[in-house]
Amino acid sequence: MLDKARMYVCGITPYDVTHLGHAATFVWVDALGRVLRLLGVDPEVCRNVTDVDDVLDAAASRARAPYDTFAAIQQYHFEHDLASLNVRPPRHEPRAHRYIEHVIRLAQGLIEVGRAYERKGSVYFRGQMAASQAGLDRPEALWLSAEYGGRPDDPAKEDALDAAVWQAAEPGHPAWDSPWGPGRPGWHAECVAMAMSAFGVGVDIHAGGNDLRFPHHAYHSAMAEAFTGVSPYARAWLHVGVVMIDGVKMAKSVGNLVLVEDLLTRHTSATVRLMILDRPWAEDWDYTDASLEAAAARLADLYYAAGRTHEASRYGADEIRRLLAADLNVPAALEAAIETGGAAARLLIATLGLD
Ligand SMILES: [Zn+2]
């Protein structure tokens with residue numbers, strides 16, 4: 001990339017507090033943006049808000065609030081937490097509920113090219129290819145689809161792996177008019193509509209948690225490619241490692257959340273950022289209190305090294321730049337920066353937002 005990078009990031013469903021699992025994805029995306037800037041590339045980031053979502057509807061109804069008011073309040077807290085972590089705001093921040101018309105046009109286009117069909121007021125995208133392209137066998141694909149709200153047992157579908165582009169209205173959910181009757185957009189289709197509105201037919205980088213590979217990202221790219229005829233939809237993917245506790249993914253449904261605001265009462269944002277970034281970005285990892293203590297010690301080493309007036313080894317700022325450009329190798333860049341000190345260490349601190 002020479003000048004600009006179009007980067008789409010799957011944002012949050014604003015129904016609950018920000019936890020370390022969310023934060024890890026958005027801190028990595030932020031770090032990638034900063035590294036691109038260091039390399040002379042302008043990152044144009046679009047991070048959506050999934051404010052039309054079945055999980056959100058359920059949470060809003062428990063709170064006895066309209067879905068959009070409820071989402072706006074949660075969104076405010078989320079943005080506050082990310083700002084506390086020194087994450088730069090994205091250039092575009094589309095909210096799903098404003099892209100209903102786009103999803104309807106997407107559904108119409110997919111029907112026209114024979115990749116989707118209407119049944120009982122819903123429009124379904126034919127999903128078998130998305131599953132096979134993701135390298136999953138059918139039972140795995142069905143299990144993941146069910147796990148992520150894909151309703152493989154919906155009797156209106158021709159095939160259990162088909163996914164709703166448009167879902168017919170149901171009680172307890174918001175609904176909008178469409179050529180097929182009242183309903184709401186499907187999750188994957190919302191992201192397709194928002195990504196296309198910001199960037200057109202494709203993106204340079206699509207980012208999100210490792211757990212979004214299937215079904216979400218697989219269906220997103222399959223729908224986008226079927227609609228536009230342009231492939232690949234994304235030139236590169238940044239699938240950020242999932243944060244776990246004792247080997248179990250951090251999730252609201254499991255109840256093992258580590259909240260960003262709690263971490264920030266005891267540690268600086270630079271410590272939390274370094275804990276997230278000082279590892280291979282694609283690897284899932286276990287959070288422990290010790291990992292935070294280790295990051296604090298590492299950061300102290302880096303600050304100490306930055307205070308040195310002479311660079312102590314053959315590595316210089318160029319080496320830091322090279323290591324970061326080589327697949328975002330933060331652990332190696334950190335090692336080199338601490339060993340070298342001086343300007344090299346200061347460059348890494350500024351680039352990773354650790355100041
Ligand atoms: Zn998405």
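Which residues of α14 are buried? In this predicted model, the buried residues of helix α14 are Ala344, Ala345, Leu347, Leu348, Ile349 and Thr351. These buried residues pack against α1 (20–38), α11, α12 and α13. Glycine 353 follows α14 and has a positive phi, near 65 degrees.

The packing of α14 (residues 343–351) on α13 can be described by its axes, which come within 7 Å and cross at roughly 140 degrees. At this angle α13 is oblique to α14, since only values over 145 degrees count as roughly antiparallel. The crossing in which α13 passes α14 is left-handed. On the α13 side the contact is made by Ala333, Leu334, Ala337 and Thr340, and on the α14 side by Ala344, Ala345 and Leu348. Ala344, Ala345 and Leu348 also belong to the buried set of α14.

From α10, the residues in contact are Ala270, Thr271, Val272, Leu274 and Met275, while α11 contributes Ser291, Leu292, Ala295, Ala296, Arg298, Leu299 and Tyr303. Helix α11 is also one of the elements against which the buried residues of α14 pack.

The zinc ion has three protein donors, Cys10 (SG), Cys191 (SG) and His216 (NE2), at 2.0 to 2.2 Å. Along the chain these donors follow the spacing C-x180-C-x24-H. Cysteine 191 is in helix α7 (residues 187–199) and histidine 216 in helix α8 (residues 213–228); the pair is 25 residues apart and links distant parts of the chain. Cysteine 191 and histidine 216 are both buried.

Proline 232 is placed in the loop between α8 and β8 (234–240). As a rule, most peptide bonds are trans.

Strand β7 (residues 203–209) is largely enclosed by the rest of the structure, because seven of its seven residues are buried. Strand β1 (residues 4–9) pairs with β7 in the parallel sense over three bridges. Within this pairing, tyrosine 8 has histidine 206 of β7 as its bridge partner. β7 also pairs with β8, again in the parallel sense, over six bridges. Here valine 203 stands opposite alanine 234 in β8.

A separate description applies to β10, β9 and β11, which make up an open sheet of three strands in the order β10-β9-β11, with mixed pairing. The edge strands β10 and β11 (285–286) each pair on one side only. Between β9 and β11 the pairing is parallel and extends over two bridges. Methionine 244 is found opposite aspartate 286 in β11.

The loop between β9 (243–245) and β10 (248–249) contains aspartate 246. Phi of aspartate 246 is near 50 degrees, a positive value in a residue other than glycine. Aspartate 246 counts as exposed because its relative accessibility is 72%, and the threshold for exposure is over 50%. Leucine 328 also has a positive phi without being a glycine, at about 55 degrees. Leucine 328 lies in the loop between α12 (317–325) and α13 (330–340). In contrast to the exposed aspartate 246, leucine 328 is buried, because its relative accessible area is 7%, and burial requires a value under 20%. Most residues other than glycine have a negative phi.

Key. Residues are numbered from 1 along each chain as its sequence is written. This is a predicted model: local features need pLDDT of at least 70, side-chain atom pairs count only at pLDDT 80 or more; totals for chains, interfaces and linings use all residues. Side-chain values use heavy atoms; hydrogens and water are left out. Donors are N, O and S atoms within 2.8 Å of the metal (3.2 Å for Na, K and Ca); water is not among the atoms, so sites may look incomplete. Helices (H or I, at least four residues) and strands (E, at least two) are DSSP runs, numbered from the N terminus. Buried means under 20% relative accessible area, exposed over 50%, partly exposed in between (1.4 Å probe, protein chains only). Two strands pair if DSSP finds at least two bridges between them. Axes are lines fitted to C-alpha atoms, for helices over the stretch in contact, and angles run from 0 to 180 degrees between N-to-C directions. Angles under 35 degrees count as roughly parallel, over 145 as roughly antiparallel, 65 to 115 as roughly perpendicular and the rest as oblique. A crossing is left-handed if the near helix is turned anticlockwise from the far one by less than a right angle, and right-handed if clockwise. Contact means heavy atoms within 4.5 Å.
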